[in-house]
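The sequence and structure come first, and the description follows.

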Amino acid sequence: MTNKSQNIILKTENLSIGYQSKKAQTIVASNINLALKKGELIGLVGGNGIGKSTLLKTLTKVQNPLQGQVFLNKKDLKNYTNLELAKTQSLVLTEPIASKNLTVFELVALGRQPYTNWVGNLSEDDLSIINKAILQTNIEDLKHKKCFQLSDGQLQKVMIARALAQDTDLIILDEPTTHLDMYHKAYILKLLQKLTKETGKTILFSSHEIDLAIQLCDSMIVMSKDGIVNNSPCKLIKQGAFNNLFPKDMIVFDETTGSFRVTK
């Protein structure tokens, strides 16, 4: 029988996240115990200001935990060098890219930087991985366009392709559907769902699209004032994890439909 722990890509133990200054420590959330499995699409949801970005920054070593540990492939995150981490975990942020004058192919090719020499020469294997990422994200027709010519939705697909080209076990995206219309929000999340199944990679994303995440994710992380829980969408609904995400004077969660509705 396969040991379930072998399928855990990322794990946290008694993690506390927040900010440390010379004068004080600000705890955003504590006692966080997560176990993200290989080949799953995982949605991180919660209200504005609850700490989703802080959690992602801590899971990607952008900032240090206040307490507890983060393990990536059973190795403590603090023991990873930057190069080792870049070969294991890729990150897609909402910040504008440094140069939109790059072509789509050039931007996707940046995902191979952890594997190329300082000159950045691409091997045949690199080119094969880049072109496969372009195919997997359906952006072949954009390959030679400049990034400044792309819509927000197209650029988001290119950024996902770059993360695929980086060829890591774990891909983390911070609000990948920001600035997109409803159709493209669903398109991007459906694309992420397809990629987890095709590649076997673990994909974690934060989002305000809770209804879509419930429909598409294998598991979810729900952050609220009551704490942080991690489980399948169905089990989270049964646990009432979505009931207290927002004040009930405006929005309530309907457990029968698995979606939020405005109160009358």
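Helix H6 has the following buried residues: Lys185, Ile188, Leu189, Leu191, Leu192, Gln193, Leu195 and Thr196. The model in which they are seen is a predicted one. The partners against which these buried residues of H6 pack are strand S4 (41–46), H4, H5, S8, strand S9 (202–206) and helix H7 (210–216).

H6 is made of 18 residues, and the distance from its first C-alpha to its last is 26 Å. That is close to the 26 Å expected at 1.5 Å a residue. At the N-terminal end, H6 is capped by Asp181, which has a side-chain oxygen 3.2 Å from the backbone nitrogen of Tyr183. After H6 comes Gly200, which has a positive phi, near 75°.

Leaving aside residues up to four places away in sequence, Gln193 touches Leu41 and Leu216. With Leu216 there is also a polar approach: a polar atom of the Gln193 side chain lies 3.2 Å from the backbone oxygen of Leu216.

**Helix H5**

Helix H5, one of the elements packed against H6, covers residues 152–165. Its 14 residues reach 20 Å from the first C-alpha to the last, close to the 20 Å expected at 1.5 Å a residue. Why can H5 be called largely enclosed by the rest of the structure? The reason is that 11 of its 14 residues are buried. Among them are Gly153, Leu155, Gln156, Lys157, Val158 and Met159; the list also includes Ile160, Ala161, Ala163, Leu164 and Ala165.

The buried residues of H5 pack against strand S7 (89–92), helix H3 (104–109) and helix H4 (124–136), as well as strand S8 (170–174) and helix H6 (182–199).

Asp152 is also found in H5, but Asp152 is partly exposed, with a relative accessible area of 43%. Residues up to four places away in sequence aside, Asp152 touches His179 and Leu180. Asp152 and Thr177 are 25 residues apart in sequence, and their C-alpha atoms are 9.2 Å apart in space. H5 is followed by Asp167, where phi is positive, near 55°.

**Salt bridges**

Side chains of opposite charge can pair when their charged atoms come close. In this model the count comes to seven salt bridges, taking a side-chain nitrogen of Lys or Arg within 4 Å of a carboxyl oxygen of Asp or Glu.

Asp126 and Arg112 are both buried.

Asp167 lies in the loop between H5 and S8, and Lys201 in the loop between H6 and S9, so their pairing ties together parts 34 residues apart in sequence. Are the two partners buried or partly exposed? Asp167 is partly exposed, with a relative accessible area of 38%, whereas Lys201 counts as buried at 12% relative accessibility.

**A surface patch**

Which residues make the nonpolar surface patch of about 270 Å²? They are Met250, Ile251 and Val262. Of these, Val262 has its place in strand S13 (residues 259–262). Val262 is exposed, with a relative accessible area of 58%.

How values were computed
Residues are numbered from 1 along each chain as its sequence is written. This is a predicted model: local features need pLDDT of at least 70, side-chain atom pairs count only at pLDDT 80 or more; totals for chains, interfaces and linings use all residues. Side-chain values use heavy atoms; hydrogens and water are left out. Patches are made of residues with over 30% relative accessible area and no salt bridge: like charges are joined within 9 Å, nonpolar side chains (Val, Leu, Ile, Met, Phe, Trp, Tyr) within 5 Å. Accessible areas come from the Shrake-Rupley method with a 1.4 Å probe; for residues, only the protein chains shown count as cover. Helices (H or I, at least four residues) and strands (E, at least two) are DSSP runs, numbered from the N terminus. Buried means under 20% relative accessible area, exposed over 50%, partly exposed in between (1.4 Å probe, protein chains only). The expected span of a helix is 1.5 Å times one less than its number of residues. Contact means heavy atoms within 4.5 Å. A polar contact is a pair of N or O atoms within 3.5 Å; within protein, one must be able to donate a hydrogen and the other to accept it, and residues adjacent in sequence count only if both atoms are side-chain atoms.
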